[in-house]
Amino acid sequence: MSTEIKTLRPQPVWSYFYDLTQIPRPTGHMDEVTKYVMDCGRALGLETKQDAVGNVLICKPAAKGYEQRPVVVMQAHLDMVPQSNKDITHDFTKDPIDAFIDGEWVKARHTTLGADNGIGVALMLAILSDNTLKHGPLEALFTVNEEVGMDGAFGLKPDFLKGRILLNCDSEEEGELFAGCAGGTDLNITFQYKKGAPLIEGDVAVKITLDGLKGGHSGVDIHLGRANAHKLLFRFLKEAIRDYGARVACIEGGTARNAIPREAVAVITLPDENVEPLWELVADYQELYRNEYAGIEMEINLKAEMTGQPACLIPEEVQDDLVNAMVGCQNGVISMLHDFPDTVESSSNLAIVKVSKGMIEIKILARSSSESRKEALCSSLESVFSMAGAKVEYGNSYGGWQPNVQSPILKTMQDTYLGLYGRKPSVKVIHAGLECGIIQAVYPDMDMISFGPDLIHPHSPDEAVKIESVEKVWKFLVAVLEKIQP
């Protein structure tokens, strides 16, 4: 039973987390979860307020004897990425998450779990609810709409927080402290045409589906070499167009900028006599992809089936420009950090493709720890699509969080972890976009570190959080709050 999750240790953390799984909270649907958090704060008798963009702040007074300690801000985001397997119907705006215990892990059936960042939220609520803990004054900041646009962090005002030490609870490797993160920029690309091209007499319609990919977080998992559904599909389409007379009617794939696309679908037309050879081409490409991604992707499926005739086709010149640009578009890891081995510096995620009447929309998330390299990457991507005749616009650009190895809170947390677990935690820079960089722009003197339990495959239905690591992080957080000095 999923309610067994509430009995795991530490019980208050898992109880709050289970409650969060029952509250629909994809990005853009924050009313119910912000009400829940505010109700928790008020029920505990704590000062609770909300800012203009929806962020919630709950303030807890210092424990007796700790009144002179500095104010510490704990921070996590309330929204989750909605991803589900294609063979189930799940409405993330209405349906609860079906979470369950699977050995050492908590997972969800066929959907994302929402441990990113629900576990961080639960840790903070458990701290607020426990009056036996020793700590200075606390501010618990629950930000909204982080996963798409980081609206909550961008909406923060300089007078909302008093604390100048921030513990971000949104990292995903227990025993590691994160002291920096990549910045990001959204690229919004459009091909426009006045009207679709007519169907070609005698051609038949075929639906091409590429699925079975693992996907994952475009920051955390981008270095794993997983396949991007759009790159595979367009690679196939280029040959189908060139050698089999195929024409493209529509294409759709991807659901979120920060999720590696797992599925993509296209409807094409082609001469009836080329249908049988196309089946062979599909089988050849499926075998090719499975060989290329052996050991990484286990279930790549490329299939074709007859379908009803579309209303019209994408004009041939637009189709060819689109296909060439998509095949040429940089995707995946672009560069690595020299000072932090095995850490991605720059990457691109070709995330979403959608065809509607007279318009093709493409959305890319470019990330980098270097502002200059991020700009160079964006310029490169813009050049590819501009040469193809598309319009390229930028949005939701945010800077990275630059590491400070002299950080006082970093030293406190390293020493605390060493005292608890007999080793110093690793200090890393994460390629995912944390809110720390944006918050630091509003509070430039804020000293901050990010940490969290073991969380694997966020932003995909394989997301899972390791049970044992949650208890270790809880004990660590409690100890850190007690040790922070003026």
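**Terms and their grounds**

Author: Asn258 lies in the loop between strand 11 (247–253) and strand 12 (264–271); helices (H or I, at least four residues) and strands (E, at least two) are DSSP runs, numbered from the N terminus. This is a predicted model, in which local features need pLDDT of at least 70 and side-chain atom pairs count only at pLDDT 80 or more, while totals for chains, interfaces and linings use all residues. Residues are numbered from 1 along each chain as its sequence is written, and side-chain values use heavy atoms, with hydrogens and water left out.

Reader: Which residues is Asn258 in contact with?

Author: Contact means heavy atoms within 4.5 Å. Leaving aside neighbours within four places in sequence, Asn258 touches residues including Glu147, His217, Asn349, Arg367 and His459.

Reader: What makes the pair Arg9 and Glu471 a salt bridge?

Author: A salt bridge is a side-chain nitrogen of Lys or Arg within 4 Å of a carboxyl oxygen of Asp or Glu. For Arg9 and Glu471 the closest N and O atoms are 3.1 Å apart, so the pair meets that definition. Arg9 belongs to the segment before helix 1 (11–21) and Glu471 to helix 11 (residues 467–483), so this bridge ties together parts that are 462 residues apart in sequence. Arg9 has 58% relative accessibility and therefore counts as exposed. The structure holds 18 salt bridges.

Reader: What does the bridge between Arg109 and Asp98 tie together?

Author: The closest N and O atoms of Arg109 and Asp98 are 3.3 Å apart. Arg109 is in the loop between strand 5 (105–108) and helix 3 (115–129), and Asp98 in the loop between strand 3 (72–77) and strand 4 (99–102), so the bridge ties parts that are eleven residues apart in sequence. Arg109, at 41% relative accessibility, is partly exposed, and so is Asp98, at 36%.

Reader: How do you know whether Lys374 and Glu371 are buried, exposed or partly exposed?

Author: Lys374 has a relative accessible area of 1% and is therefore buried, whereas Glu371, at 38%, counts as partly exposed. Their side chains meet in a salt bridge (3.3 Å, N to O). Both lie in helix 8 (residues 371–387), three residues apart, so about one helical turn separates them. Elsewhere, salt bridges that share partners join Arg9, Glu471 and Lys475 into one network.

Reader: Why are strand 4 and strand 20 said to stand at the edges of their sheet?

Author: The open sheet has four strands in the order 4-5-21-20, with antiparallel pairing. Strand 4 and strand 20 (455–456) each have a single partner strand, so one side of each is left without a neighbour in the sheet.

Reader: How do you know that strand 20 pairs with strand 21?

Author: Two strands pair if DSSP finds at least two bridges between them. Two bridges join strand 20 to strand 21 (residues 464–466), so these antiparallel strands meet the requirement. Leu455 stands opposite Val465 in strand 21.

Reader: At what angle do helix 5 and helix 7 pack?

Author: Helix 5 (residues 229–244) and helix 7 (residues 316–328) pack at about 135°, with their axes 9 Å apart. Axes are lines fitted to C-alpha atoms, for helices over the stretch in contact, and angles run from 0 to 180 degrees between N-to-C directions. Angles under 35 degrees count as roughly parallel, over 145 as roughly antiparallel, 65 to 115 as roughly perpendicular and the rest as oblique, so helix 5 is oblique to helix 7.

How values were computed:
Buried means under 20% relative accessible area, exposed over 50%, partly exposed in between (1.4 Å probe, protein chains only).
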